[in-house]
Amino acid sequence: MVKIILIVIVVLIVALLAYAATRPNSFRIQRTKIVKASPEKIVPLIADFHSWGSWSPWEKVDPSMKRTFSGAASGKGAVYAWEGNGKAGSGRMEIKESSPSKVTIQLDFIKPFEAHNTAEFTLEPVGDGTNVTWAMYGPSPFIAKVMGIFFNMDRVVGKDFETGLENLKAVAEG
């Protein structure tokens with residue numbers, strides 16, 4: 001009986017790992033919000049990491065989080081690093097591109113899991129406002145594929161993006 005249980009467990013684990021191997025090698029999460037403000041008013045809120053405290057959903061996760069700003073004051077070359085508790089983790093962001101229509105950020109997580117992704121904000125004027133899209137994309141290593149079977153990253157991170165875009169809208173329109 002024990003032998004049968006062990007065989008079933010091994011078969012289930014192998015099937016789980018095989019299924020994980022078939023999952024995509026990259027991911028993309030994105031959310032969009034219309035903000036009743038011009039790109040010229042919104043971009044500085046994104047391209048200046050000092051402004052993120054007013055709208056980023058992650059800034060309040062750890063009130064004692066250590067923040068370091070370096071490089072350019074804002075725009076291309078601006079760098080923001082953080083070290084926080086287990087929930088906030090630690091990492092670094094660097095703005096690689098900044099224009100009235102796009103801000104691209106190299107996003108390097110160190111803890112709790114190492115990951116190297118790209119965050120991208122695109123801004124498209126529409127009517128009396130701007131369509132703001134916040135996206136994050138990057139590779140999906142095998143361990144992320146396995147975790148993705150049990151943990152829906154799009155739902156969890158997407159919810160944070162929705163909160164952040166709503167906060168950004170409030171600040172930009174306020």
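What pattern does the protein chain follow, read along the sequence? The answer is α-β-α-β-β-β-β-β-β-α-α, with four helices and seven strands in the secondary structure. Helices (H or I, at least four residues) and strands (E, at least two) are DSSP runs, numbered from the N terminus. Keep in mind that this is a predicted model: local features need pLDDT of at least 70, side-chain atom pairs count only at pLDDT 80 or more, and totals for chains, interfaces and linings use all residues. Residues are numbered from 1 along each chain as its sequence is written, and side-chain values use heavy atoms, leaving out hydrogens and water.

**Overall build**
- Taken along the principal axes, the C-alpha atoms fill a box of roughly 70 × 35 × 25 Å.
- Of the chain's 174 residues, 37% count as buried (under 20% relative accessible area, with exposed being over 50% and partly exposed in between; 1.4 Å probe, protein chains only).
- Look at contacts (heavy atoms within 4.5 Å) between residues at least 6 apart in sequence: 52% of them join residues at least 24 apart.

**The nonpolar patch**
- Met1, Val2, Ile5, Leu6, Ile9, Ile13, Leu17 and Phe142 make a nonpolar surface patch of about 800 Å².
- Helix H1 (residues 2-21) gives the largest share, six residues.
- Met1 sits in the segment before H1 and is exposed, with a relative accessible area of 75%.

Conventions:
Patches are made of residues with over 30% relative accessible area and no salt bridge: like charges are joined within 9 Å, nonpolar side chains (Val, Leu, Ile, Met, Phe, Trp, Tyr) within 5 Å. Accessible areas come from the Shrake-Rupley method with a 1.4 Å probe; for residues, only the protein chains shown count as cover. A salt bridge is a side-chain nitrogen of Lys or Arg within 4 Å of a carboxyl oxygen of Asp or Glu.
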